[in-house]
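My notes are below, in the order I made them.

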Amino acid sequence: MFGSTVLEVAIGLTFCYGTLALVVSTLQEALAAAFRLRANMLLAAIKRMLADPRCEALAQSLYDHPLVNPHGSSTARRPLSVRPSYIEPAHFAIALLDSLRTSPAIPLQAAIEALPDEQVRRVLLALYRQSGGDLARFQEGIAGWFNSAMERLSGVYKRRQLLISFLLALLLAIMLNIDSIHLFQTLWQTPTLSAQIKLAPTALDAEALRQLWAMPIGWTSFPPVLDAAFALQVAGWLISAGTTLFGAPFWFDLLQRAVQLRSTGARPQASRNAGDNPALQP
């Protein structure tokens with residue numbers, strides 16, 4: 001009975017955490033698309049790279065290029081109206097070279113030396129000298145420079161998304177009163193609440209939400225009383241929010257393993273006592 005209770009509690013907790021993480025990831029993707037977070041962060045990174053904070057010079061010309069922003073309008077000079085979420089490094093290198101070479105009569109090195117920002121000028125001159133004047137090698141160097149900047153940007157974006165994920169999860173935990181401590185206590189006292197969970201949901205559908213509402217979550221009285229029990233409740237919210245940082249695939253993988261373990265059941269009595277039965281001995 002003890003092992004069965006522990007398994008049912010584990011199934012209930014992992015299902016609740018996985019579904020909450022799935023809801024949070026869905027909301028997070030919707031917010032990222034609505035506010036164009038990837039495109040805005042990419043634009044901010046390129047403006048820092050090219051030392052063009054107002055996007056009026058080199059960054060402006062880069063975003064006007066059809067390889068970078070095929071849906072933009074170079075004639076209207078509105079590259080910010082359509083912002084790509086991803087730029088191919090090779091396309092970035094070609095577009096930057098085209099932006100530098102404003103006139104065929106001006107040599108490429110002279111165009112680089114005419115750049116107003118010292119840091120950008122030094123980087124591009126170093127890459128140009130390292131390439132030995134070979135245009136293909138120079139483009140590869142610019143693409144590598146862009147890749148390095150995008151790796152740093154990816155780290156910043158992931159950290160920011162983790163913070164957003166935690167805040168969204170905490171908001172949902174408060175709104176739906178997903179208290180991990182109360183959830184554990186209730187499932188321990190009534191392990192049959194997890195009996196209906198047979199499979200890990202593959203998407204956020206009506207069945208997943210129905211099973212989630214069958215869990216001991218939600219408000220029974222509102223507003224809460226500010227006492228010691230409320231402090232414990234806040235701790236339960238924080239635990240629930242923190243679990244979403246592992247991601248829905250992590251919890252659903254654990255849930256699938258736990259459900260499979262439950263479905264195998266206990267070993268037959270005859271198998272456990274095979275040594276006591278002479279007819280079963282070799």
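**Ground rules.** I am working from a predicted model, where local features need pLDDT of at least 70, side-chain atom pairs count only at pLDDT 80 or more, and totals for chains, interfaces and linings use all residues. Numbering starts from 1 along each chain as its sequence is written, and side-chain values use heavy atoms, with hydrogens and water left out.

**Whole chain.** I counted secondary structure and got 12 helices and zero strands (helices are DSSP runs of H or I with at least four residues, strands are E runs of at least two, numbered from the N terminus). I then looked up burial: 39% of the 282 residues count as buried (under 20% relative accessible area; exposed is over 50%, partly exposed in between, with a 1.4 Å probe and protein chains only).

**Largest pocket.** I looked up its volume, which is about 320 Å³. A pocket here is an open set of points on a 1 Å grid over the protein atoms alone, where a 1.4 Å probe fits, with protein on both sides within 12 Å along at least five of seven lines; lining residues have an atom within 4 Å of a point. The volume is the space filled by probe spheres set on the points, which are joined across faces, edges and corners. I found 16 lining residues, with Asn177, Asp179, His182, Ala229 and Gln233 nearest the centre. H8 and helix H10 (228–243) are the elements giving two or more residues to this lining, and H10 gives the most, with four. By type I have eight nonpolar, seven polar and one charged (Ala, Val, Leu, Ile, Met, Phe, Trp, Tyr, Cys and Pro are nonpolar, Asp, Glu, Lys and Arg charged, the others, Gly among them, polar).

**Second largest pocket.** This one has a volume of about 240 Å³. Its lining has 13 residues, and Leu42, Ser85, Tyr86, Met150 and Leu153 are the closest to its centre. Helix H2 (37–49) and helix H7 (135–176) are the elements that give two or more residues here, and H7 has the largest share, six. The lining splits into nine nonpolar, three polar and one charged.

**Surface patch.** Which residues form a nonpolar patch on the surface? I have Val6, Phe184 and Trp188, together about 270 Å² of accessible area (Shrake-Rupley method, 1.4 Å probe, only the protein chains shown counting as cover). Patch members need over 30% relative accessible area and no salt bridge, with nonpolar side chains (Val, Leu, Ile, Met, Phe, Trp, Tyr) joined within 5 Å and like charges within 9 Å. A salt bridge is a side-chain nitrogen of Lys or Arg within 4 Å of a carboxyl oxygen of Asp or Glu. Trp188 sits in helix H8 (residues 180–189), and I noted Trp188 as partly exposed, with a relative accessible area of 37%.
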